Amino acid sequence: MRLVQTLRSLHGNKVAAAIEELHRAENDLAGDLLSLADQNKTDHEVFHVARDIAGWSQVHVRRLAEVGHDYGLDLDPEPEEESAVLARLKQKGAEVVGRLHEPGLLLLADLRHLHRTAAGVSLDWEVLAQTAQAMKDERLLAVAEDCHPQTLRQMRWANAKVKETAAQVMVTG
């Protein structure tokens, strides 16, 4: 136990920075999923699945805030509020509509962005898990092992939707 405390103090700033970045990235992923759902209310699968899996990232934000205390962090345990997400959505929508006029292309662009975001979050979980394992921080490792599989599922869902949407939009659009 003393070794774990020593390692935490020696490497705490790096680990704290990684936790803080992952907290921000999970918040962004939750926001992107909620935005996607809000923009696609008529596509019931996208609307409901995106909202459901956004909840996973919101739980991850809370869990990271909890474990962050071990590294001297005071992270907000509450995910970004939906009103803030909707404000970002309106701004993004105004920017994107100026570039693309086809709704299918907008959905495809959003799904591609979502997949890239989830892939980045997945890599961050991998780094955190490897770090926790090397430092023998069982609590941090447990959080990473609980949360990372859900992020992988988010990424796989986005990938499947990209494949489905690309075929529909690019060939029939």
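Colleague: Let me start with one residue. In which helix is M170 found?
Modeller: M170 is found in helix 5, which covers residues 138-172. Helices here are DSSP runs of H or I with at least four residues, strands are runs of E with at least two, and both are numbered from the N terminus. Please note that this is a predicted model, in which local features need pLDDT of at least 70 and side-chain atom pairs count only at pLDDT 80 or more, while totals for chains, interfaces and linings use all residues. Residues are numbered from 1 along each chain as its sequence is written, and side-chain values use heavy atoms, with hydrogens and water left out.

Colleague: Is M170 buried or exposed?
Modeller: M170 is exposed, because its relative accessible area is 57%. Buried means under 20% relative accessible area, exposed means over 50%, and partly exposed is in between, with a 1.4 Å probe and protein chains only.

Colleague: Which residues form a nonpolar patch with M170?
Modeller: L105 and V171 form the surface patch together with M170, and the accessible area of the three is about 310 Å². A patch takes residues with over 30% relative accessible area and no salt bridge; nonpolar side chains (Val, Leu, Ile, Met, Phe, Trp, Tyr) are joined within 5 Å, and like charges within 9 Å. The areas come from the Shrake-Rupley method with a 1.4 Å probe, and for residues only the protein chains shown count as cover.

Colleague: Stepping back, how many helices and strands does the protein chain have?
Modeller: There are 5 helices and 0 strands in the protein chain. Along the sequence, the pattern reads α-α-α-α-α. Of its 173 residues, 41% count as buried.

Colleague: How do helix 2 and helix 5 cross?
Modeller: The axes of helix 2 (residues 44-68) and helix 5 come within 10 Å, and the crossing angle is roughly 160°. Helix 2 is therefore roughly antiparallel to helix 5. Axes are lines fitted to C-alpha atoms, for helices over the stretch in contact, and angles between N-to-C directions run from 0 to 180 degrees. Angles under 35 degrees count as roughly parallel, over 145 as roughly antiparallel, 65 to 115 as roughly perpendicular, and the rest as oblique.

Colleague: And what about helix 4 and helix 5?
Modeller: The axes of helix 4 (residues 103-135) and helix 5 come within 8 Å and cross at roughly 160°. Helix 4 is therefore roughly antiparallel to helix 5. This crossing of helix 4 and helix 5 is left-handed, and the crossing of helix 2 and helix 5 is left-handed. The term left-handed applies if the near helix is turned anticlockwise from the far one by less than a right angle, and right-handed if clockwise.

Colleague: What lies in the loop between helix 4 and helix 5?
Modeller: K136 has its place there. Its phi is near 60°, a positive value in a residue other than glycine. K136 is exposed, with a relative accessible area of 55%.

Colleague: A new topic: how many salt bridges does the structure hold?
Modeller: The structure holds 8 salt bridges. Such a bridge is a side-chain nitrogen of Lys or Arg within 4 Å of a carboxyl oxygen of Asp or Glu.

Colleague: Which side chain meets R63 in a salt bridge?
Modeller: D146 does, at 3.1 Å from N to O. R63 lies in helix 2 and D146 in helix 5, so the pair ties together parts that are 83 residues apart in sequence. R63 is partly exposed at 23% relative accessibility, and D146 is partly exposed at 43%.

Colleague: And which one meets R139?
Modeller: R139 forms a salt bridge with D70, at 2.8 Å from N to O. This pair links distant parts of the chain, 69 residues apart: R139 is in helix 5, and D70 is in the loop between helix 2 and helix 3 (82-97).

Colleague: Which residues are linked with E21 in a network of salt bridges?
Modeller: R24 and D28 are linked with E21 in that network. The side chains of E21 and R24 meet at 2.3 Å, N to O. E21 and R24 are separated by about one helical turn, because they are 3 residues apart in helix 1 (residues 2-39).
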